[in-house]
Structure formats: structure tokens, C-alpha cells
Amino acid sequence: MYEIEVVAFLLTAVVAFLAWKRFIQKPPPKPVVNNKPVVTREVSEQQKDALVPIKILFGSQSGTAETFSEELAAEAKTYGFSAKVIDLEDYDPDDIGEERCLVFLLATFGEGEPTDNATSFYEWIMKTEAREPDYAKGVPFAVFALGNRQYEHFCNVGRNVDGNLHKFGGIRLCPHGEGDDDGNLAEDYSEWKITFWTAIRQHFGIKGEVNLDDMTFNPACTFKVLAESMDEAGAPKYDTQSALVKDPKVTAYWAEVSSVRELRQDCKDGGSTIHMEISLENTPRLKYVTADNLGIHPRNDIKNAEKLMERLGAKPDMLFSLRKQNDLSKFLFPTPCSVKDAFEWYVDFNSTPRTKIVKLLANYAQDAKEKETLLAFATTEKEKFAADHMSLFELFFEFPSINIPVAHFLELCPKIAPRLYTISSSSKVNPRCLSVTSSLVLEPKPRNREFRGLCTSFLLTLKPHDKICVSVRPSSFRLPSVARLPATPIIMIGPGTGVAPFAGFLQEFAFLKKQTPSIDVDSHLYFGCKNASKDFIYEEEMKGALQEGVLKSLNLAFSRDQESKVYVQHRLRENAQTLWTLIDEKKASIYVCGATLMGRSVKEALMLVAMEIGNKTESDAKKYVESLTTKGRYIQELWS
């Protein structure tokens, strides 16, 4: 009897060892992708009739508000609602009074401005004198506002829409939510959603508890295979460049890289800052104005894209379409699109996924322990997961039992948004050639890992004659008219790559002075970096402009070249008297470009100047600086 037990034990151990060995040596079973729509949780016609219809309208610049809108719509059926997501540029505000329920997700862009797609709607709703006094009477509504607290007019658009809808008779379902991009925007949104779902269900008398932890992924899109391979007989004609410029959300063009040069004096620390010139000669429809933003459409690391396709069992050459079930005209990708291009150009697997996605992926984990860990990361151990900075790419390899259909992954995965770079050339000097300035983003992560910026890494792979997919967007940086320039001092504050738009300004000032000697701009530049001998970018251009009289003063702050750190805000304080004269007496225009933390410090420095030299109280100094913004004399382009 003893021998039998020993044999049984040994057999069990061998089987367990072989199973373990097979598990670590092979990826999980690869999903089969077919041409049938992937649909879960069917809703009967009777159930559909019982759902309360709501419209979710978004104003989005980078895509976050749109992503949140799609997420809210995906959850709606679970809570008794039928949701339709609408781009605000496609919505007629005259219909507000006829709606059953409206939900707005609105980003504030720049200095309190609406996003491009929300501009017309916002202008309509802000013309209160032209509106009927009860145009929104009885219409239930809710608003979630997105912004960055470092800006003066934080969440301005969402706040104003919420206030006006309530003022004109709308029924506010819950206090408007506010998400801070400089803090934890996703958590702000998640907390507001709980309040929102509770309030809207109560308003419409829908019973039952709200429990977001029970959510599973319910595809809202139809995945269709158009061809198993691009070489297949009858396959649609396809090439990557044509597909990318057919992006349904962005008007983009392919341009050619003219030149690339390193701007740093020393790159031994692994850093790099490049000046890239892009020719527009073969893209006649693409035009820009000095200090516009260039949207660059980056590509994922090709090797990582290949690894992830193999991990998920995706067929690179397959052509597919993915469109919303409730609106067949809305596609999530260009149509057709190859799986290879989707993984290289569209899905964002480099960032840390939101806890919502981690929770949904837990449902695809075949291993119970892995599922438990993923659910903990999305709930009780959110802080631990956030601190690890695990990317979506890393997550799939650290949790090998996640077995998700490619169709689900393509819909679920966040999409890559164009990265905006302020153009560093003058359109008057080079109308058919523009330049951008990019500094490689390298940040350490726990467990001896490293984060590399997606777009900054991509730009480093490009060389002359390579093609780059770009789009132009207007910025808030606009110089005074040529007639006003001689009488308007220009103060430019831009440490690091924040100096980019001012490189363009200096080109323009030199051009105007050469064309018309009477146009002599009173310009002053504040620039900072770590070391004069390592990362003093555009050193020759700045010193040359100063020598030629195009620049009247150059104020430099090298933070690591002395024992105590010195930043641009310190130089502002040192030049307090001159600065106050330029601002208060000569009515200078001030431009600030760079990180949000720097922007806040600069604003505080200007307030101190107003207090010390202008003899203002702290309260009056704050109002004074705010008034400069209102008058268009204090303009910021900041990033987190």
C-alpha cells in the first residue's frame, strides 16, 4: 500500500512538472480571428425598448474625452440606458430642448478655450443673450470637465456649459465633475462616474445598486475581416501611407524629412535633443503659421509591435474593419486597415493602462492567481500598480494567461494620439519648410526598467528623405500685427525645448527687420537648461540674434552650473524693475512655453514683481496678472 502511494505521488509530481514546463515555455493558446462580428451579452428587442436613451457628447483635443465617452456608453446598458456617443461638431444645439437626457464630456484647451470640435457648440451656448430663456427646460443633463489645474482657466468650458444649461432650465443630475490632467485624471473620472450613474438611475427610477466592479467588456464594435492577406485574390488595394491619411479623426499628410541635427553639446548621459526640418514641397495643402502646433503621428517600436502581435496570435497581413454597431459610418481605424499597421501606428501599448482596462483584462486571464492579481491591481492595489509604471505591453508578458481575441484588444486598447510640437520656424521665412525641436524622454522605472517617450524615440529613428505623417493645428501663440510690433515689447520665457517657438519668433523678427528697417522689435528672451556646456540648445542662434540686435536681451539660467540651482523665474526676479517697466508702462506681451510646473513658478515670480515694484497687495497682484491673460498679453503653452 505504501509503495502504491509513493508511485501515485511520483506520477502526480511528474505530470505537474511537465504541465509547468509547458506553461512557461509556450504562450497561451492563440485566439482564432474570423470574419464574424465579436459580440457578447446580447440584448433582446424587449430589453432595448426598456432602455432609457441618452446622448453622450464630447469635446476632445487629444482624444481623452472621447475615450471616456465611449467607456461611459459601453457601461450604459448595464445600468438601464441606451447611449449614443456624438462628436460635438456633429450636434445641432437647437435640438437640446427635445432631448431625453444629455451628458457632456468637455476638455478645456489652452487658455480656457474649447477644443476644435466643440468650438461652434460652445460659441452657441455662450451667446446667452441670443438664447430663449428656457431652451433647456426640463432636460436632464450632466457634465464632466477635463483640464489642467496649472492653467488659469481650469475646466472653464465644462464649468460654463454646466452653468448655462442649468441657468436656462436644464435639470442638473449631479454636480459637474472635474478631471485634472496634472493630477490623476482617470481617477477623477472614475469617482465622478459612480456619482453620475447613481444620480441618473435615481432620476429615471431605475432600481438596483450601482457596482462598477461587476463590469465586463461588452464590445460596441463589429470586427470584420476583409482579407486574410493583402496578397489574397480580391483583397482591397492597400498601402500604409494611403491608409494613415484616411484616419477618420485627423486630417493628416505625409511630408518628407529634410534634415536632422543634434542640438546638445554633450549626449554622454544618453539624452538627445534634435532639430528636425520637414519639407512641405510635396504637400501643397499643408500650410502653417509661425508658432502653430505640428501634430506628429508616431509609430510604435516595430520590434515590440511584432512581439505583441505574436503574443496575441494576430495575423500581420490581415485586412479588417472595425466600426461601431450603432453607427455604421463610424470607424475606429482607417478602412481597410492591416493588423500590422494597427499595431504599429494606432494602438497605444506603451503607457500604463487605466485600472478600468486592467479590470477588464482580468476577465481574459486563464490562470486564477493571475486573475486575482490583476483584479487587485484594479482595486485594492491601485497605488502599487501605478507606482510600478507597468505598460500594457509589459502586462501581457507578465501575465501570460491573458487570452484576449484580437478584435477585443483592438477595440479595448487606447489609441495613439498625435503628439503636438510647437513649430520652431517662421512661416514668413520658410513657408514650405517647417522645423520642430524634440528632446528624448527617458525616465527610470522600478525593477531596473526604463520608460522611453513614444514620439521622441520615433523621431530619433528618422533620417533625411524619410516620410513622416503630420497635421497642423493652430496654437494660442500669435504675435501682434506687424503694425503693432515696433510699439509692443515681446517677452519670451522658454527653458529647454520650450524655446522652440521663440526660435521661430527670432527668425521672423530678423526677416521683418531686413524687409523693413523701421520694424525693430523690442524683444527679450529668458532661457534655461542644466549646463551651458551640455544642453544649451540653439546657443548660436540666440547669441547671433543678440549680436545682430534682433534680440535686445538674453537672460540665461543654467541650473546645475553652480551650487544653488537657478531657474528662469529667478532671472525674472533679478530683472524686476526692467520687467515691470516693459509690462506695466510699455504694455509688453508675454509668452511662456514649457512644463506646467515652470509655468506656475513664472506666474508666481511675476506676481512678486507686481508686489515689489508695482506696490500691489498679493490679491491685487494676482488680479493684475490675471488681467494680462484676459487682455491677451499673457499667453502660455504648457505641458505636463
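Begin by selecting residues 500-515 of this predicted model, which form helix α16, a run of 16 residues that reaches 23 Å from its first C-alpha to its last, close to the 22 Å expected at 1.5 Å a residue. An α-helix has 3.6 residues a turn, so residues three or four places apart point the same way.

The peptide bond that joins T335 and P336 is cis, with omega about -5°.

The remaining stops concern backbone torsions. Most residues other than glycine have a negative phi, and most peptide bonds are trans. Select N448, in the loop between β16 (442-445) and β17 (449-452), and check its phi, which is near 55°, a positive value in a residue other than glycine. N448 has a relative accessible area of 82% and is therefore exposed, the cut-off for that term being over 50%.

Finish at N615, which lies in the loop between α20 (596-612) and α21 (618-630). N615 is not a glycine either, yet its phi is positive, at about 55°. Is N615 buried or exposed? Its relative accessibility is 67%, so N615 counts as exposed.

Note on methods. Residues are numbered from 1 along each chain as its sequence is written. This is a predicted model: local features need pLDDT of at least 70, side-chain atom pairs count only at pLDDT 80 or more; totals for chains, interfaces and linings use all residues. Side-chain values use heavy atoms; hydrogens and water are left out. Helices (H or I, at least four residues) and strands (E, at least two) are DSSP runs, numbered from the N terminus. The expected span of a helix is 1.5 Å times one less than its number of residues. Buried means under 20% relative accessible area, exposed over 50%, partly exposed in between (1.4 Å probe, protein chains only).
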